[in-house]
Amino acid sequence: MEEKEVVVKKKRQEQVYHERQRLQFCLLHSLNNLFQERGAFTRSHLNAIAEKLALDDPTKGTWMPLSVIFQPHHNTFTGNYDINVLIAAVEEKGKRVVWHDRRSGASAIDLDQGEDKLMGIVLNVPVRRYGGLWKGRHWVALRKIEGAWYNLDSDLAAPFSFKDTEEVKEYLDVVIGGGAEVLLVMNE
């Protein structure tokens, strides 16, 4: 890559909004990274969505003392929001979530379609932390910005720019193979 291309790529990366991981608020960070806006969603906003989902749930369980902390759709203190909160939040912004069938692999995703159709991709990937003692899942946003695809994972120090759509597909195939769920966020 020529020096001029490196400078342009670095400058473009600096213009990409990227929130870093805090506690288990990866869904909050992923949504703000996806929408490229600080405060597109807030902790209180996602908590309100989760609480509304719990109230609207016809099969809600009985209340227990730990129910104050461990809500059906999130943890009151650390976040850890579920897929229902993601879908409701994205739909509030006029977007639609399409669950990608992992059996099809990344080749079935049209990454070259216009940004007016495919806004971005949200992944829910399995993670192991603390030397493998804790297993959980982590939300990651991928988005095409000014013609380039970025991995906006809040665990990364900075956004990662993919060189082309083939590299994005290779990445997606690896995470799908590792058990990731792939959610396409579509513009309506």
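Predicted model: local features only at pLDDT ≥ 70, side-chain atom pairs only at ≥ 80, totals over all residues.
The partner of Arg 102 is Glu 181, with which Arg 102 forms a salt bridge whose closest N and O atoms are 3.5 Å apart. That pair joins distant parts of the chain, since Glu 181 sits in strand E6, residues 181-187, while Arg 102 belongs to the loop between strand E1 (95-100) and strand E2 (118-129), a separation of 79 residues. Glu 181 is likewise partly exposed, with a relative accessible area of 21%.

As background, side chains of opposite charge can pair when their charged atoms come close. The count for this model is 2 salt bridges, and the other pair to look at is Arg 103 with Asp 101, where the closest N and O atoms are 2.7 Å apart. Here Arg 103 is exposed, with a relative accessible area of 76%, whereas Asp 101 is partly exposed at 33%.

Let me turn now to Val 90, in helix H4, which covers residues 83-92. Is this residue buried or exposed? Val 90 counts as buried, because its relative accessibility is 0% and the cut-off for buried is under 20%. Leaving aside residues up to four places away in sequence, Val 90 touches Leu 31, Lys 95, Arg 96, Val 97 and Val 185.

Technical notes
Residues numbered from 1 in each chain as written. Heavy atoms only, no water. Salt bridge = Lys/Arg side-chain N within 4 Å of Asp/Glu carboxyl O. Buried < 20%, exposed > 50% of the residue type's maximum accessible area, 1.4 Å probe, protein only. Helix = DSSP H or I, 4+ residues; strand = E, 2+ residues; numbered from the N terminus. Contact = heavy atoms within 4.5 Å.
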